[in-house]
Amino acid sequence: MASSSGNKSYAKLLQENKLWAAGKIKEDPDYFNRLAHLQTPEFLWIGCSDSRVPANEITGTQPGEIFVHRNVANLVINTDVNLLSVLDYAVKHLKVKHVIICGHYGCGGIKAATTNTDYKYVLNMWLRNIKDVYRLHRAELDSIHDEELRCDRLVELNVTEQLMNLAKTSIIQRAWKEEQRPDLHGWVYGLKDGLIKPVFEMKAGTHIDPLYEYDDL
Ligand code: CO
């Protein structure tokens, strides 16, 4: 049963939680009552799982304002039931007006995908999707000789391709046709300066390669 305080680092999270909840109630006694009864976020955020990119904190938003999905390197994969469920719920039921995909410079997932390292089983499968993005933009990326700059550019191109992947889903296309929303935004966050750079945008109703457009929505 005995354990050093180092093994109880998680206990600090619970203590901090009590303080946080008490502070919120002190500021606004109705805070949790209100949030418990209503969730009407205007934004869906698809970000990287990286612990340095917390959606609410870097955008100055509060609980209730952003519906969040995060995975390694913020990928949109058309067989990912987890992401598609989040997208479907956010678009159809919460009726979000904007979907944001936010990558970040210095992304470990992106960097890993540019190497030939065997990360074994599941990670290889996941990172393969980023290798495909590299292949689509090989000429541009291969021409960048500085390794860090090349990875940074791949981070931007990955956000753009994942945004395209959103536009290829019938979930997005149906919402565009029926309700002219949501707009799609591709952003990249800088770990070094804390600033978000918009890199790509698709307004609701944008036409994409007709190969991917459904006509019987
Ligand atoms: Co990352």
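**Figure 1. Helix α6 and the lining of the largest pocket.** Helix α6 (121-136) gives the most to the lining of the largest pocket, with 4 residues. This is a predicted model, in which local features need pLDDT of at least 70 and side-chain atom pairs count only at pLDDT 80 or more, while totals for chains, interfaces and linings use all residues. Residues are numbered from 1 along each chain as its sequence is written, and side-chain values use heavy atoms, with hydrogens and water left out. About 390 Å³ of space lies in the largest pocket. Of the 15 residues that line it, the closest to its centre are Val76, Ile77, Asn78, Asn165 and Lys168. The elements that give two or more residues to this lining are α6 and α8. By class, the lining has 7 nonpolar, 5 polar and 3 charged residues. Here Ala, Val, Leu, Ile, Met, Phe, Trp, Tyr, Cys and Pro count as nonpolar, Asp, Glu, Lys and Arg as charged, and the others, Gly among them, as polar. A pocket is an open set of points on a 1 Å grid over the protein atoms alone, where a 1.4 Å probe fits, with protein on both sides within 12 Å along at least five of seven lines; lining residues have an atom within 4 Å of a point. A volume is the space filled by probe spheres set on the points, which are joined across faces, edges and corners.

**Figure 2. The second largest pocket.** About 270 Å³ of space lies in the second largest pocket. Of the 15 residues that line this pocket, the closest to its centre are Tyr105, Gly106, Glu148, Asp152 and Lys192. Helix α8 supplies the largest share of the lining, 4 residues. The classes represented are 7 nonpolar, 2 polar and 6 charged residues.

**Figure 3. The cobalt site.** The cobalt ion is coordinated by Cys48 through SG, His104 through NE2 and Cys107 through SG, at 2.0 to 2.3 Å. Donors are N, O and S atoms within 2.8 Å of the metal (3.2 Å for Na, K and Ca); water is not among the atoms, so sites may look incomplete. In sequence, the donor residues are spaced C-x55-H-x2-C. Cys48 lies in strand β1 (residues 43-48) and Cys107 in the loop between β3 (98-104) and α5 (108-113), so the pair ties together parts that are 59 residues apart in sequence. Helices (H or I, at least four residues) and strands (E, at least two) are DSSP runs, numbered from the N terminus. Both Cys48 and Cys107 are buried. Buried means under 20% relative accessible area, exposed over 50%, and partly exposed in between (1.4 Å probe, protein chains only).

**Figure 4. Helix α9 and its packing.** In helix α9 (residues 170-179), the residues Ile171, Ile172, Gln173, Ala175 and Trp176 are buried. The buried residues of α9 pack against α4 (81-93), α8 (147-167), β4 (183-189) and β5 (196-202). A contact, as used for such packing, means heavy atoms within 4.5 Å.

**Figure 5. The loop between α9 and β4.** Gln180 lies in the loop between α9 and β4. Its phi is positive, about 50°, although Gln180 is not a glycine. Gln180 is exposed, with a relative accessible area of 54%. Pro182 lies in the loop between α9 and β4 as well, and the peptide bond from Arg181 to Pro182 is cis, with omega near -5°. Most residues other than glycine have a negative phi, and most peptide bonds are trans.

**Figure 6. Tyr121 in helix α6.** Tyr121 is placed in helix α6. Its phi is near 20°, a positive value in a residue other than glycine. With 70% relative accessibility, Tyr121 counts as exposed.

**Figure 7. Asn158 in helix α8.** Asn158 has its place in helix α8. At 1% relative accessibility, Asn158 counts as buried. Residues up to four places away in sequence are not counted here; Asn158 touches Ala73, Asn74, Leu75, Ile110 and Val133.

**Figure 8. The chain as the setting for the close-up views.** The chain has 9 helices and 5 strands, and 38% of its 217 residues count as buried. Along its principal axes, the C-alpha trace spans about 55 × 45 × 35 Å. Residues 24 or more positions apart account for 63% of the contacts with a separation of 6 or more.
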